[in-house]
Amino acid sequence: MPKAIHAAQALLPQGWADEVLIECDAAGMVTRVTPGTAAPPDAQIAQGPVLPGMPNLHSHAFQRAMAGLAEIALNPEDSFWTWRDLMYRLVGRLDPDQVEAIARYLYIDMLKGGYTAVAEFHYLHHDVDGRPYADPTEMSQRVLAAAEATGIAITLLPVMYAHGGFGGKAPSDGQRRFIHTTDQYLKLQEGLIRDCRAPGRRLGFCFHSLRAVTLDEIQAVLASSGDDRPIHVHIAEQQKEVDDCLAWSGRRPIQWLYENVDVDARWCLIHATHAEPDEVAAMVKSRAIAGLCPTTEANLGDGFFPAIAFADQGGRWGIGSDSHVSLSVVEELRWLEYGQRLKAERRNRLHGPAGQHVAGYLYRAALDGGAQALGQQMGAIAPGKRADLVVLDGQHPLLAHIAGDDILGRWLFAGLNRMVKDVMVGGQWVVQDGRHADEIEAGRAFAAAVKAAI
């Protein structure tokens, strides 16, 4: 049934506006936005400032099960690579029911943190012995079911993962649940097309990394479809990855990708941490999205993406929660900015070419880049976009008597998740007064799944 929401303050594409009536249709799409108008009798009254819902452009749902459990200094050389060994142990135990339970509770926490859609970078495909399930889409269907149950929109990114290192190196035992031939991968994609045509869903192509696929495999996958599916890839996350790529090809990962593949606005380059100036320029020119995950990048000791140079050249980027040590729009955006401050030993680093309000720039840029990376009609309160709304708590003392981008400044630099009061996805309220209707039952299922798995 069509509905109307009235907001005393709302962030629109043209800026903040007062007394805004947001109308949406039965399909959950915004049909009309009218600033400066009184609330009609049938309108729902938002209990605080209204923002577009944030896209989360990078998620490995199952990794939430180990979040916070790898913070033990057992190796003086601890790095991403030692963490990966621990992750492989978890991978070796999870069954489909556990994966669905973990994803279900994860997605509820995402919604409560201000995310309304997720790009699920999904590479846990097969059984514990590496054999395909009777239905090869089994694990992907479990992720879709978790999204459906919680109300979050999803771009499913089944991962093409064929090798264990650059140049087609054989995979390790820990990777056996991930591996596909090109033909198997394309059949998986074909098996998911119909299910990903439902409202709030999108299907994309995904390459785990340049370590995991060859050029021939990349080209075969890209040639298989003439549509505009999003394309995601991990790249240049760790210095060791860069060094290994140089040893194999004489090129850095981003450099190699741009020399061998036609990278355009469909692409999302996840992390791209170790990008040189010429690589930054190539990313900007191609309009590819830099998929930044600051809390995970900090947790794994990846390094700092050159965000200031990228932003100053007009680069497009979005945020993701990746390994889910944090499920907070606030933390990802705050630590993106704080990382650049620590590196530069200066304040207010990311403000865009026009010298905008830092919080305003961060939120708007992440909306735009995230929507592009997910390939979904979201990221703005405007006709033709999905009605994905985040309502902040208008009664919170920090939000009293302020307006405009200062609202975002308070939330992103002085606030927490609890400032998120209500969340709407596709015209349906999925979080109200800070709670999701399924959070208690989903939490119990998550706890049972994790207990059995670890």
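Reader: What should I know about the model and its numbering?
Author: This is a predicted model, in which local features need pLDDT of at least 70 and side-chain atom pairs count only at pLDDT 80 or more, while totals for chains, interfaces and linings use all residues. Residues are numbered from 1 along each chain as its sequence is written, and side-chain values use heavy atoms, with hydrogens and water left out.

Reader: How do helix 2 and helix 14 pack?
Author: Helix 2 (residues 96–113) and helix 14 (residues 439–453) pack at an angle of about 135°, and their axes are 8 Å apart. Helices here are DSSP runs of H or I with at least four residues, strands are runs of E with at least two, and both are numbered from the N terminus. Axes are lines fitted to C-alpha atoms, for helices over the stretch in contact, and angles run from 0 to 180 degrees between N-to-C directions.

Reader: Which term describes how they lie to each other?
Author: Helix 2 and helix 14 are therefore oblique to each other. Angles under 35 degrees count as roughly parallel, over 145 as roughly antiparallel, 65 to 115 as roughly perpendicular, and the rest as oblique.

Reader: Is the crossing of helix 2 and helix 14 left-handed or right-handed?
Author: The crossing of helix 2 and helix 14 is left-handed; that term applies if the near helix is turned anticlockwise from the far one by less than a right angle, and right-handed applies if clockwise.

Reader: Which residues make the contact?
Author: Helix 2 contributes Q98, A101, I102, R104, Y105, I108 and K112, and helix 14 contributes E439, E441, A442, G443, A445, F446, A449, A452 and A453. Contact means heavy atoms within 4.5 Å. The residues of this contact of helix 2 with helix 14 comprise 10 nonpolar, 2 polar and 4 charged. Ala, Val, Leu, Ile, Met, Phe, Trp, Tyr, Cys and Pro count as nonpolar, Asp, Glu, Lys and Arg as charged, and the others, Gly among them, as polar.

Reader: With which residue does R104 form a salt bridge?
Author: R104 pairs with D438 in a salt bridge, with the closest N and O atoms 2.8 Å apart. R104 lies in helix 2 and D438 in the loop between strand 17 (428–431) and helix 14, so the pair ties together parts that are 334 residues apart in sequence.

Reader: How many salt bridges are there in the whole structure?
Author: A search of the whole structure finds 24, a salt bridge being a side-chain nitrogen of Lys or Arg within 4 Å of a carboxyl oxygen of Asp or Glu.

Reader: Another pair, then: at what angle do helix 4 and helix 5 pack?
Author: Helix 4 (residues 182–192) and helix 5 (residues 215–223) pack at about 30°, with axes 10 Å apart. Helix 4 and helix 5 are therefore roughly parallel to each other, and their crossing is right-handed. T182, Y185 and L186 of helix 4 meet E217, A220 and V221 of helix 5.

Reader: Which residues does UniProt list for the N-terminal domain?
Author: In an unreviewed entry, UniProt lists residues 3–42 as "domain: Formimidoylglutamate deiminase N-terminal". UniProt positions are given in the numbering used here, feature names are shortened, and annotations may be inferred rather than shown by experiment. Residues 3–42 are 0% helix and 62% strand.
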